[in-house]
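Subject: Structure handover

Hello,

Here is the structure you asked about. My notes on what turned up follow below it.

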Amino acid sequence: ASPDEEALCRAAAQFDVTFCERTTAEIKLIVGEEPEPERWLLLNTLEFSSDRKRMSVLVREASTGRIRIYIKGADDRVAARVRKGRGTARGKMHRDTFAEAGLRTLLVGVRDVPEAEYAAWVATFEEANAAAIEGDFKLIGATAIGDKLHDGVPDTMLGRANLHIWML
């Protein structure tokens, strides 16, 4: 649906995880040399909006019943929801390097959701603030996509001068 999602699928394939099918109810992935695809049931989607600048999906692994929430979005919005600890400083270093190169960055995170937490949250999903479930993630990656609207940005060195420019 977006260049970011295409990049995520291509990156996953580099780690032997291949997206093979999605319906309204489930996602199928081929992992490594396994003959049968993994099935993940789609539970809920917290859609991207320009206000939220992130999206999340809650899924249940069909074989184990384990529930996970995955998040992707603007680095500042996702970083605020990442569990502090190992890898966050290194991740920030990579994001800064990507930004200096003029690339648009995106963070991706995951966490397991206990059944009781999910049941309590989903009972009030229509009224729930999405922020109630989107927190305490383990950072699993960052992406950098060349943005055609920003030709020449790497040459300006504005990022290093701590200047912020907004374009609409």
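One term before anything else: contact means heavy atoms within 4.5 Å. This is a predicted model, where local features need pLDDT of at least 70, side-chain atom pairs count only at pLDDT 80 or more, and totals for chains, interfaces and linings use all residues. Residues are numbered from 1 along each chain as its sequence is written, and side-chain values use heavy atoms, with hydrogens and water left out.

T105 comes first. Leaving aside neighbours within four places in sequence, T105 is in contact with D75, R95, F98, A99 and T143. T105 sits in strand β6, residues 103-112. Helices (H or I, at least four residues) and strands (E, at least two) are DSSP runs, numbered from the N terminus. T105 counts as buried, at 14% relative accessibility. The classes are buried under 20% relative accessible area, exposed over 50%, and partly exposed in between (1.4 Å probe, protein chains only). The side chains of T105 and D75 also make a polar contact of 2.8 Å. That term covers a pair of N or O atoms within 3.5 Å; within protein, one must be able to donate a hydrogen and the other to accept it, and residues adjacent in sequence count only if both atoms are side-chain atoms.

Next, the cores. A nonpolar core is a set of buried Ala, Val, Leu, Ile, Met, Phe, Trp, Tyr and Cys residues joined through side-chain atoms within 4.5 Å. The largest has 13 residues, of which L58, I69, V113, Y118, W121 and I133 touch the most other members. β5 (67-74) and α4 are the elements that give two or more residues to this core. Its largest share, three residues, comes from β5. A second, separate core has six residues, including L29, W40, V57 and V59. Setting aside neighbours within four places in sequence, I133 contacts L46, L58, I69, R111, V113, E117 and W121.

E115 lies in helix α4 and has a relative accessible area of 44%. Beyond four places in sequence, E115 touches R60, G65 and I67. T45 is in strand β3, with a relative accessible area of 28%. Again leaving out neighbours within four places, T45 is in contact with M55, S56, V57 and F125.

Which residues other than glycine have a positive phi? K53 is one, with phi near 55°. K53 lies in the loop between β3 (38-46) and β4 (54-61) and is partly exposed at 33%. D136 is another, with phi near 60°. D136 lies in the loop between α4 (115-123) and β7 and is partly exposed at 46%.

Last, a pocket. On a 1 Å grid over the protein atoms alone, a pocket is an open set of points where a 1.4 Å probe fits, with protein on both sides within 12 Å along at least five of seven lines; lining residues have an atom within 4 Å of a point. The second largest pocket has 18 lining residues, and the closest to its centre are G87, G91, L139, I140 and G141. α3 (88-100) and β7 (138-146) are the elements that give two or more residues to that lining.

Best wishes
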